[in-house]
Structures are given as structure tokens and as C-alpha cells.
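The terms are given with their cut-offs where they come up.

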Amino acid sequence: MPEPFEYRLRVRYGECDTQGVVFNARYGDYVDIAMNEYIRTLFGDYQRLLDQGVDIQVVNLNQNWHAPAHFDDVLCARIEPGRIGNTSFGLHIAFVEYREQRLVMTADITYVLIDARVGGKTPIPEAIRRQLADGAPETVISHAGETG
């Protein structure tokens, strides 16, 4: 089984709360950053989606915490394709602490495809559907500066 797409980021001091752990609202930011890297990997860049006359909007985001993350931890956002419907698609994300491979948080996100020119839902074109279904296995993008 191939490894899922992985985006790595390092927890910054300002993302932690007074308890010394990543503040819960920051995970929404982490999901968004990881998803942008995933979309860039699938389509070349976000503008390529817009050039096809489509855009995506989040319609549902569910997050479940399993363990705390701390300042300077490297988090690996592992993204796998989920259900692909007529106008929407889902993705599953598992955030794992890099050194110990400890599960920190999981998220399931659903996007709806919209017509970029006039708004409103639009069916997922077949080429985009194939790219979403294939995902980006064995791809690692790191902005964490980790070594080893």
C-alpha cells in the first residue's frame, strides 16, 4: 500500500496556548495549509482550478484530537482521498507527530465544487474527478526543516 500524501509543518510558539499545547483553533489553519499544498500537488497550482471555471468551498470540517502537540514539534499531515460525489468530495487527514509517529489529530473535510464565474454548485468534471480519486501518494512536502 503506498504512503499517503504528506505535508510537514513545524509548530510555532505563537500557535500554542497557556497550557503549552497547540491551541485547538490552529488546527483549522493547519488543515487549510496542508490542503493548499495537496491541491497544488494535484493540479499544479490553485489557479489551474480557477482557469477551468471551478473553485472549491469547505462545507464540513470535523476534527478529533488524540494527543497534544507542542512548540517545535513537527507535524505530518497525511492526506487521503475520501468519497467523491456529484458536486462534492471528501478528504481524510491524519496529523502525526514526526519523531514519535504519535497520532495527534484527525480531520475529515468535505468540499463542494462551485462555478467560479457565477457561483453555485457544479458537477465535478471527469478529469478533476480522476485527479481527486488518484490523490498524490508517495509525495512529501516539508516546510518544517526537519533532519533525519
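At its relative accessibility, does Arg-10 count as buried, exposed or partly exposed? Arg-10 counts as partly exposed because its relative accessibility is 28%, where buried means under 20% relative accessible area, exposed over 50%, and partly exposed in between, with a 1.4 Å probe and protein chains only.

1. Basis of the note. This is a predicted model, in which local features need pLDDT of at least 70 and side-chain atom pairs count only at pLDDT 80 or more, while totals for chains, interfaces and linings use all residues. Residues are numbered from 1 along each chain as its sequence is written, and side-chain values use heavy atoms, with hydrogens and water left out.

2. Arg-10 and its partner. Arg-10 and Asp-72 meet through their side chains in a salt bridge of 3.4 Å, N to O, the term being used for a side-chain nitrogen of Lys or Arg within 4 Å of a carboxyl oxygen of Asp or Glu. The two ends are 62 residues apart, with Arg-10 in strand β1 and Asp-72 in the loop between β2 and β3; helices (H or I, at least four residues) and strands (E, at least two) are DSSP runs numbered from the N terminus. Asp-72 is also partly exposed, because its relative accessible area is 39%.

3. Glu-6 and two arginines. A search of the whole structure finds 12 salt bridges, and Glu-6 takes part in one with Arg-8 (2.6 Å, N to O) and in another with Arg-78, where the closest N and O atoms are 2.6 Å apart. Because Glu-6 lies in strand β1 and Arg-78 in strand β3, the latter pair ties together parts that are 72 residues apart in sequence. Both Glu-6 and Arg-8 are buried, and Arg-78 also counts as buried, because its relative accessibility is 18%.

4. The surroundings of Glu-97. Salt bridges link Asp-73, Glu-97, Arg-99, Glu-100 and Arg-102 into a network. Glu-97 lies in strand β4 and counts as buried because its relative accessibility is 1%. The side chain of Glu-97 reaches the backbone nitrogen of Arg-99 at 3.2 Å. With neighbours within four places in sequence left aside, Glu-97 is in contact (heavy atoms within 4.5 Å) with Asp-73, Val-74, Leu-75, Arg-102 and Val-104.

5. Residues up to four places away in sequence not being counted, Leu-75 touches residues including Tyr-7, Leu-9, Tyr-27, Phe-95, Glu-97 and Val-104.

6. Aromatic pairs. Rings of Phe, Tyr and Trp (its six-membered ring) pair if their centres lie within 6.5 Å, with planes under 30 degrees apart counted as stacked, over 60 as edge-to-face and the rest as tilted; a search of the whole structure finds 7 such pairs. Phe-5 and Tyr-38 form an edge-to-face pair, at 5.1 Å centre to centre and with 75 degrees between the planes, and this pair links strand β1, which holds Phe-5, to helix α1, which holds Tyr-38, across 33 residues. Both Phe-5 and Tyr-38 are buried.

7. Tyr-13 counts as exposed because its relative accessibility is 66%, whereas Phe-71 counts as partly exposed because its value is 45%. Elsewhere, ring pairs link Tyr-27, Tyr-30, Trp-65 and Phe-95 into a cluster.

8. Cysteines. The structure holds 0 disulfides, a disulfide being a pair of cysteine sulfur atoms within 2.5 Å. For Cys-16, the nearest cysteine sulfur is that of Cys-76, 16 Å away. Cys-16 is buried, because its relative accessible area is 19%, and Cys-76 is buried as well, because its relative accessible area is 0%.

Notes: Polar contact = N/O pair within 3.5 Å; in protein donor to acceptor, adjacent residues only side chain to side chain.
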